[in-house]
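Subject: Handover of a structure and its findings

Dear colleague,

Please find below the structure that I am handing over to you. My notes on it follow directly after.

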Amino acid sequence: MKGKFITVEGIEGVGKTTNIGFIHKLLSDAGKDVVLTREPGGTPLGEAIRGLLLDPEYTGMDPDCELQLMFAARAEHLARVIRPAVEAGKWVLCDRFTDATYAYQGGGRGLDTDKIKALEQLVQGDFRPDLTLLLDVPVEIGLERAGNRSTPDRFEQEQVEFFERVRQAYLEMARTHDGRYRVIDASQPLEAVQRQLDAALEATIKVN
């Protein structure tokens with residue numbers, strides 16, 4: 001039996017790190033063999049590309065270069081980690097995936113989504129997440145939280161308007177792909193956020 005592929009999405013400061021840990025435990029406690037990974041990254045090559053993408057030294061990187069680096073890391077990630085794990089019956093839990101590319105490079109950078117679709121088809125074929133959990137907060141809340149963490153990376157240095165476009169792109173995808181999306185109000189206290197996550201995952205866990 002094949003495993004499942006679950007992605008967690010959202011702008012900066014939505015609490016992905018904390019809540020991915022919660023989801024991981026929830027799935028493990030349900031008896032699932034879970035592979036935890038992230039994008040960009042997930043492999044040695046992918047992590048090297050991640051370093052380039054996040055390094056403030058490369059502020060001003062051409063958006064098409066950024067887009068292709070994202071998919072280069074993703075191709076390696078799919079080949080080395082995600083597809084083999086799912087085929088082996090494991091549940092892959094991934095911090096961001098291609099929806100982030102539509103949100104950041106499409107919504108944020110304003111790239112033509114046809115470019116993204118073409119690369120998505122080339123790299124993934126028909127492979128898509130089984131479930132996407134979108135942790136959503138207003139941009140001002142997310143950026144305030146993110147600002148309290150550490151030195152901002154290349155993306156975190158973007159202006160508020162950039163993240164507004166990213167958030168709206170995510171919400172539009174949630175409306176368009178409501179069969180696999182669950183939108184979580186991550187502006188609530190942590191306990192309330194995790195109750196939403198528990199409810200969102202319950203049906204997926206029960207039928208598998």
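**Salt bridges**

A salt bridge joins the side chains of Arg175 and Glu172, at 3.0 Å from N to O; the term denotes a side-chain nitrogen of Lys or Arg within 4 Å of a carboxyl oxygen of Asp or Glu. This is a predicted model, in which local features need pLDDT of at least 70 and side-chain atom pairs count only at pLDDT 80 or more, whereas totals for chains, interfaces and linings use all residues. Residues are numbered from 1 along each chain as its sequence is written, and side-chain values use heavy atoms, with hydrogens and water left out.

Arg175 and Glu172 are 3 residues apart in helix H7, so about one helical turn separates them. Helices (H or I, at least four residues) and strands (E, at least two) are DSSP runs, numbered from the N terminus. Arg175 is exposed, with a relative accessible area of 53%, while Glu172 is partly exposed at 41%. For these classes, buried means under 20% relative accessible area, exposed over 50%, and partly exposed in between (1.4 Å probe, protein chains only).

By the salt-bridge rule, the count comes to 16. Among them is the bridge between Arg38 and Glu47, at 2.6 Å from N to O. Both partners are partly exposed: Arg38 has a relative accessible area of 34%, and Glu47 one of 28%.

A further salt bridge links the side chains of Arg180 and Asp99, at 2.9 Å from N to O. Arg180 lies in the loop between helix H7 (160-176) and strand E5 (181-185), and Asp99 lies in helix H4 (residues 98-108), so this pair ties together parts that are 81 residues apart in sequence. Arg180 is buried at 15% relative accessible area, and Asp99 is buried at 6%.

**The network around Arg154**

Salt bridges also link Glu66, Arg109, Arg154 and Glu158 in a network. Within this group, Arg154 is placed in the loop between helix H6 (139-147) and H7. Is Arg154 buried or exposed? Its relative accessibility is 4%, so Arg154 counts as buried. The side chains of Arg154 and Glu66 are joined by a polar contact of 2.5 Å. A polar contact is a pair of N or O atoms within 3.5 Å; within protein, one must be able to donate a hydrogen and the other to accept it, and residues adjacent in sequence count only if both atoms are side-chain atoms.

Leaving aside residues up to four places away in sequence, the residues that Arg154 touches include Leu52, Leu53, Leu54, Asp55, Pro56 and Tyr58. Contact here means heavy atoms within 4.5 Å.

**Nonpolar core**

The largest nonpolar core has 61 residues, and those with the most contacts inside it are Tyr104, Leu133, Tyr170 and Leu201. Such a core is a set of buried Ala, Val, Leu, Ile, Met, Phe, Trp, Tyr and Cys residues joined through side-chain atoms within 4.5 Å. Helix H3 (residues 63-87) gives the most to this core, with 10 residues.

Tyr104 touches, among others, Gly10, Ile11, Arg96, Phe155, Phe162 and Tyr170, with residues up to four places away in sequence not counted.

Leu201 is part of helix H8 (residues 190-206) and is buried at 0% relative accessibility. Under the same exclusion of residues up to four places away in sequence, Leu201 touches Ile6, Ile23, Leu26, Leu27, Leu131 and Leu133. The C-alpha atoms of Leu201 and Glu144 are separated by 28 Å, the two residues being 57 apart along the chain.

**Backbone geometry**

Most residues other than glycine have a negative phi, and most peptide bonds are trans. Two places in this model deserve mention against that background. Glu39 and Pro40 are joined by a cis peptide bond, with omega about -15 degrees. Pro40 sits in the loop between strand E2 (34-38) and helix H2 (44-54). Arg96, although not a glycine, has a positive phi of about 70 degrees. Arg96 belongs to the loop between strand E3 (91-95) and H4, and is buried with a relative accessible area of 15%.

**Cysteines**

How many disulfides does a search of the whole structure find? The search finds 0, a disulfide being a pair of cysteine sulfur atoms within 2.5 Å. Cys65 is partly exposed at 35% relative accessibility, whereas Cys94 is buried at 0%.

With kind regards
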